[in-house]
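Please look at the sequence and the model shown below, and then follow the description.

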Amino acid sequence: MVDFKTWQCLTCDFIYSEADGIPEEGIPAGTTWEDVPDDWQCPDCAMGKEDFEMQEVTNTSAAS
Amino acid sequence: MKSIVIIGAGHAGLTLAREIRSQDKTVPITIINQDPVQAYYKPNLSKALAMNKSPGDLILKPIMALKRDLNVNIIEKTRVLKIDPEKNTVHYLAKEVGGENQTSFGLEYQSLILATGASPIELPIKGAAGNVVSVNTLQDYALFRELIETKKRVLIIGAGFVGCEFASDLSGQGYEVNVVDRSSWPLQAVLPEPMGEEIKQTLSNNQVNWHFQSTVEEIQRDDQGPLNVQLSNKTTIQADVILSAVGLQPNTQLAMAAGLNTRKGIVIDEHCQTSAHGIYALGDCVEYNGQPLPFIAPATLAAKALAKTLTGNKTRLLLPPQPVAIKIANCPTLICPPSSQQGARQGARQGAWQVKGSGQDLEAQYLTAENEFCGFALLGKKTSLKGEFLSRY
């Protein structure tokens with residue numbers, strides 16, 4: 001079983017879930033954080049990947 | 001060593017400080033702010049009830065954590081009196097250490113950044129004084145939550161981004177909400193009518209009453225009783241709290257007094273520099289290419305570019321189209337407003353909306369007279385087409 005993680009934007013609390021991806025932005029479900037493009041921006045506040053932190057709790061699906 | 005001085009600790013000011021620090025570990029940074037300083041995400045103020053968060057819960061970082069993590073000097077609850085561009089000095093009023101009296105201090109800067117934000121526009125309504133609130137800061141919001149705590153009826157003036165989000169958030173918690181706007185449908189400035197109608201309907205189902213093509217004429221309070229609000233359409237509405245959400249105007253006073261070029265906002269060039277050498281501006285207070293730059297994303301992008309410029313790597317501000325999500329319960333909405341935020345493009349563009357879809361699932365593109373795609377809006381399931389629409393630019 002793949003252990004998917006979630007990552008949270010430090011500025012706006014947006015949560016990226018590896019399990020869910022963001023299909024409407026061309027990031028399929030199951031895309032690990034490492035494979036999210038480096039120039040990807042937070043869809044809410046435009047911060048970059050470097051402004052996200054991994055969340056400790058990883059067994060929840062993405063907040064909607 | 002002279003500091004980089006930032007006036008304002010909202011999203012623009014704090015993000016800039018963080019970005020400068022990620023480029024340069026040692027350059028001294030001082031932030032001066034009128035209000036208490038804490039990091040929070042302003043768009044969450046109009047969503048907090050649905051998020052089940054108190055005003056305190058919205059604080060992402062308190063001042064101590066900001067000082068420590070960013071290694072910055074923060075002077076909070078302090079008003080800047082004036083800027084002296086000739087002497088590269090900012091003057092502010094503060095208490096002396098151990099003293100009681102306020103004294104004027106001068107702080108020399110190496111670079112000065114104005115992140116002074118924007119203030120709510122106050123409509124000249126008879127009886128508004130003391131009876132109308134605006135929510136533009138976390139402090140405002142804490143006060144608003146106290147006001148509505150034991151109340152039921154909220155009247156909102158303005159059906160734009162903030163007014164619609166508050167209408168959704170409040171009605172979702174059982175508040176009786178009336179919305180008054182002089183336009184004809186919600187978000188008329190940025191949405192075609194069929195989409196506005198969908199939002200109107202969705203929120204109507206949730207006990208929001210709309211009063212379009214109307215303005216508030218007069219507000220009267222019966223002693224400690226409710227407020228009686230008279231509209232131009234001759235309706236009278238009773239409300240416990242009146243929230244004004246009719247837009248913001250850039251805070252340009254300091255810049256203007258210092259002789260900087262200001263129009264609607266503080267005028268900046270593609271490097272975020274004002275008309276004065278060494279003084280920069282970003283966020284809600286600026287005007288770029290003839291337009292203000294509201295919203296979070298342009299401020300973030302400006303902070304990133306300006307941080308590089310300030311640390312020796314001159315970087316232009318680029319503003320790709322950035323859709324804004326609006327939180328309307330049961331009606332996902334994404335808007336990429338026509339013409340705005342198109343860095344190189346100037347002014348509002350003449351054109352028309354083309355709408356496709358059915359029910360709530362609508363897509364709209366905005367085309368200029370020359371058939372050029374320059375804006376879009378997506379509702380319901382169509383919000384999943386975001387990537388495809390962005391690729392059309």
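## Strand pairs and domains of chain B

In chain B, strand β25 (residues 351-358) and strand β26 (residues 361-368) run antiparallel and are joined by eight bridges. Helices (H or I, at least four residues) and strands (E, at least two) are DSSP runs numbered from the N terminus, and two strands pair if DSSP finds at least two bridges between them. Within this pair, S358(B) is placed opposite D361(B) of β26(B). The hairpin of β25(B) and β26(B) has two residues between its strands, and G359(B) there takes a positive phi near 60°.

The model is predicted: local features need pLDDT of at least 70 and side-chain atom pairs count only at pLDDT 80 or more, while totals for chains, interfaces and linings use all residues. Residues are numbered from 1 along each chain as its sequence is written, and chains are lettered from A and ligands numbered from 1 in the order in which they are written.

**Domains.** Chain B is assigned domain 1 (3-119 + 248-310), domain 2 (122-244) and domain 3 (324-390), with bounds that come from an automatic or database domain assignment. The centres of domain 1 of chain B and domain 2 of chain B, taken over C-alpha atoms, are separated by 30 Å. To their contact, domain 1 of chain B gives 12 residues and domain 2 of chain B gives 15 residues; two residues are in contact if their C-beta atoms, placed from the backbone, lie within 7 Å. On the side of domain 1 of chain B that touches domain 2 of chain B there are seven nonpolar, three polar and two charged residues. In these classes, Ala, Val, Leu, Ile, Met, Phe, Trp, Tyr, Cys and Pro count as nonpolar, Asp, Glu, Lys and Arg as charged, and the others, Gly among them, as polar.

**Contact between chains.** Chain A brings 10 residues into contact with 13 residues of chain B. The side of chain A that touches chain B consists of four nonpolar, two polar and four charged residues.

A residue is buried if 20 or more other C-beta atoms lie within 10 Å of its own, exposed if 12 or fewer, and partly exposed in between, with C-beta atoms placed from the backbone. Strand β23 (residues 324-326) of chain B and β24(B) form a hairpin with six residues between them, and N330(B) in the turn has a positive phi of about 65°.

| Strand pair | Bridges | Partner residues |
|---|---|---|
| β23(B) and β24(B) | three bridges | A325(B) and L334(B) |
| β24(B) and β27 (residues 373-379) of chain B | four bridges | T333(B) and L379(B) |
| β14(B) and β15 (residues 227-231) of chain B | five bridges | E218(B) and Q230(B) |

**Two open sheets.** One open sheet of chain B has three strands in the order β14-β15-β16, paired antiparallel. Its edges are β14 (216-221) and β16 (236-239) of chain B; each has a single partner strand, so one side of each is left without a neighbour in the sheet. A second open sheet of three strands in chain B has the order β19-β21-β22 and mixed pairing. Here β19 (266-267) and β22 (291-292) of chain B stand at the edges with a single partner strand each, so one side of each lacks a neighbour in the sheet. β19(B) runs parallel to strand β21 (residues 286-288) of chain B, joined by two bridges, and V267(B) stands opposite E287(B).

**Two residues with positive phi.** N52(B) is not a glycine, yet has a positive phi of about 60°. This residue, N52(B), lies in the loop between β3 (38-40) and β4 (59-62) of chain B. N52(B) counts as exposed because it has 8 C-beta neighbours inside 10 Å. L187(B), also a residue other than glycine, has a positive phi near 55°. The loop between β12 (176-180) and α5 (193-204) of chain B holds L187(B). L187(B) counts as buried because it has 24 C-beta neighbours inside 10 Å.
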